[in-house]
Amino acid sequence: MTKSFITRNVQKSILPNGLTVVTKEMHDKPVVATMIWYRVGSRNEELGQTGKSHFLEHMLFKGTDRYKKGEIDMITHLNGGANNAFTWLDFTAYYFTFASDRWEAALEIEASRMRNTMFAEDEFASEKQVVEEELRIGLDGPWEALENEVWATAFRQHPYHWPTVGWLEDLEAASGADMKAYYDKWYHPRQATLVVAGDFDSVEVVQKIEELFGRIPPGPLASPPNIVEPSQRGEKRLVVRKQTPVERLLIGYHAPEVGHPDSYALKVAEAVLSTGKSSRLYQRLVERDQSVTKADATYHDHIDPSLFYFQAELKPGFKLADVEHAICEEIDRLKRGDIPAAETDKAKRQIEASLVLSSEEPLQQATLLGQYETIAFDEHVPADSRGYHYLDTLLERVAGVTVEEIAMAAQKYFTEDNRTVGYLIDGREPGEEERGCAA
Amino acid sequence: MQHSQKRTARPKLDVERVELPNGLVLLLSENHSIPSVSINAIVRAGSRFETDEKAGLASLIGALLDAGTTSRTSQQIAETIEAVGGQLGTFGDYQSSGAVVRLLSKDAFIGLDVTADLLMNSTFPDDKVHQEIDRRVAQIKARLDVPRTQASDVFNEIVFKGSPRHRPPIGYAETVKTLTRADVEGFYRRYYVPQNTMLAIAGDIDKNEVKGMVEATFGKWLCAAEFGTPEVPWAHRQNVPLERFVTASKEQVNVIIGHVGIERNNPDYYVLLVMDTILGSSPGFTSRIPRILRDEQGLAYSTFSNITSSAGQDPGRFVAYIGTAPENLDRAISGLRGEIMRIVEGGVTAEELEAAKLYLTGSFVFHFQRNSQIAEFLLEAEVYGLGFDYLEKYHELIRAISVEDVTRVTRKYIDPHNLTTVVVGPVDEHGKVIKVA
């Protein structure tokens, strides 16, 4: 297997202050994507102070000693660029995209806001309202209330217990001083990866990065709270009541972290179950049983073990317990190794093609490079797959997955004791809490 | 503050337009940066050609396009595309319907073959029709779970009264339930014809080779002897203010304020693009509504306005949106109305205009990054007669706009005294905030 086209032409270096720099020069489109990734997300937070990583992301648009409030957006605007940021369990990432004749403002802004963001108290207060509104949008959405409960139930100790946006009560209690202290703990070169992808000259750019970032001190050694979620000993079940015309189901199984040897078989299982209309969940639940409007299986890469989860949105007149039972039957087929070779081949090709189809933009490629530099760093990740090299070995490992490995992974992770089952039911009617299938 | 005055980086597209003898228009653009291809096929028919009684028909057909053809079952269609890792989507929207296939370029022919099959030979098996109707009735219900969608649906019913645009393209539970296979077949036979079809293919292809493939597949499609499309009535802009409050048990109130907008071919489209950029549509907090209502007042996470993004063959809508906590409802409504009034009465500054022009010209290149975006642009250029020199012309059109143009056009198309206001959330029918259980 050749190297992934995404990693072709990638150069990586680490500055003396610990900043990881990844560049990918490509001249087919006159644009440049610049991203900076900090290895800090809700995983680094503590109970009572949840949501700080995400809130901090908002504050980084509020100005620095060099750029006054609104100026970061205005520079982006006048140059016809785009900027935004996102925070999740394991990371916070910021990006700019610019036409390639005017992109270097992005580097200057990131260098400034890494250490010199201002935390004006009045800015903090109004932004707190904005973040609270963002949280409310989630609560009004169809899935978030159920997702929050399932993750909070499945993870008793580990910080994946709370949602990235945090708990409303913690946000209300947050102060500007808390936020500044959190920033001072995590926003340093040694916690960051800078990725530049697009139409530029690598030699010049690396020199410019050294000039702008090289002077910043490495920052304190900090690591997230070392919390290991103990094995789940028995199924957990929960019900969320909410005014809704549509009942929903979410089943989460504890599943391994990025780079774990079993993770590749689970990725193939995810595609077999859920990618496209020929997938098993679609064929079973939408086509055959006709009990749902949609059903999915999802498994994301995270630094720590997370959840492999199933979601279904029911059609009226069907029962959550029956849909749960049908999903369990499909899982049982995997456990028995009842998977023809054509189906695993298809799943592998889907994984390979989707990597290509979702990488047409420089920003999409920068996102993959930055994400794996940030999450696939730990010693448990095999040396040849660490950092962005994860993308080089991914397809090879996926190609090597056997039917037996899928069956073994299904037997190991998709057990009754290892799962948390959540039902979302209409709050207006008292629902019956029915039991589903046995594992 | 810094920005470049250099000549703007411009996208370059190598475009070829071919009209097949049966009337099908083929648009090709070749680039080899990524080994992928996007095949976008549209027929120019959608829910704008339906009657109220048959609301949801075009959308239903769009969803059923891959439900079976004369030579393939639905599962075989899915397997054919997915076995090579491709992604197939079919749709029926307001003004167009069709299929989009994205796949690795080595598999382009498979994508073309299936796309042709769907547009030419769909059979709409009875069981699939019933199954899809059943599913859609559930999906229509689920729309009530997304308050912004609910608010948008209510708003459209009011402002587009008298035009097919008042309906959600997916239709209503009551109308969708009554649709039959004969309805589906009739619409498909009438509108899915080569002279009403456009095919755009962009990506890592050899144009000549693909032309041959298209001739081998779509070339066999016989053109309809007679083909015509119905007149579509346009909605009139209201001349009174209207308000509607819808009670829903939600954390936020979702507010939409606006009225009927413009069609894409309106000559003032570009001036309104500038107006949108200044009032409420530029990213970040550079435009007025997000800057003032979000960044300064902290009222919302999401707030914006625009008139151009919904402009199509028929007029779209001018909307200003905000989602906020119920206690902020009055401030939010008066904030949005105040900004609409201010731009109509006070116009814009030369500095705002200059910034908007720099943004619009500088960001143009980002519309052409992905093959699917390029294919969509080719179709848009064909539907609206933009010309493939649009990539150059666009910059001139934007640069020529003056402060006076913005003032004149804003006053012409936006009426701050006669707006529709829709609120969905914990409010009673008079707009008073209530506690909903």
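**Reading a sheet and a domain contact**

Biologist: Let's start with a pair of strands. How many bridges join β8 of chain B to β10 of chain B?

Modeller: Bear in mind that this is a predicted model. In general, strands of a sheet pair through backbone hydrogen bonds, either parallel or antiparallel. Here, β8 (residues 253-260) and β10 (residues 317-324) of chain B run antiparallel, and eight bridges join them. To see one, find B:G258 and look across to β10(B), where its bridge partner is B:V319.

Biologist: And what is the strand order in the whole sheet of chain B?

Modeller: Go across it like this: β7-β11-β8-β10-β9, five strands of chain B in an open sheet with mixed pairing. At the edges sit β7 (242-247) and β9 (303-306) of chain B, each pairing on one side only. From one strand to the next, the twist averages 10°.

Biologist: Which strands does helix α9 of chain B lie across?

Modeller: Look at β9 and β10 of chain B: α9 (residues 269-281) lies across both, running at about 160° to β9(B).

Biologist: Zooming out, how is chain B divided into domains?

Modeller: Domain 1 of chain B is 15-220 and domain 2 is 242-425. Their centres, taken over C-alpha atoms, are 28 Å apart. The contact takes 31 residues from domain 1 of chain B and 29 residues from domain 2 of chain B.

Biologist: Which element gives the largest share of the domain 1 side in chain B?

Modeller: That's α5(B), with nine residues. By residue type, the side of domain 1 of chain B that touches domain 2 has 18 nonpolar, nine polar and four charged residues.

Terms used:
Residues numbered from 1 in each chain as written. Chains lettered and ligands numbered in written order. Predicted model: local features only at pLDDT ≥ 70, side-chain atom pairs only at ≥ 80, totals over all residues. Pairing = 2+ DSSP bridges. Helix = DSSP H or I, 4+ residues; strand = E, 2+ residues; numbered from the N terminus. Axes fitted to C-alpha atoms, helices over the stretch in contact; angles between N-to-C directions. Contact = placed C-beta atoms within 7 Å. Domains from an automatic or database assignment. Nonpolar A, V, L, I, M, F, W, Y, C, P; charged D, E, K, R; others polar.
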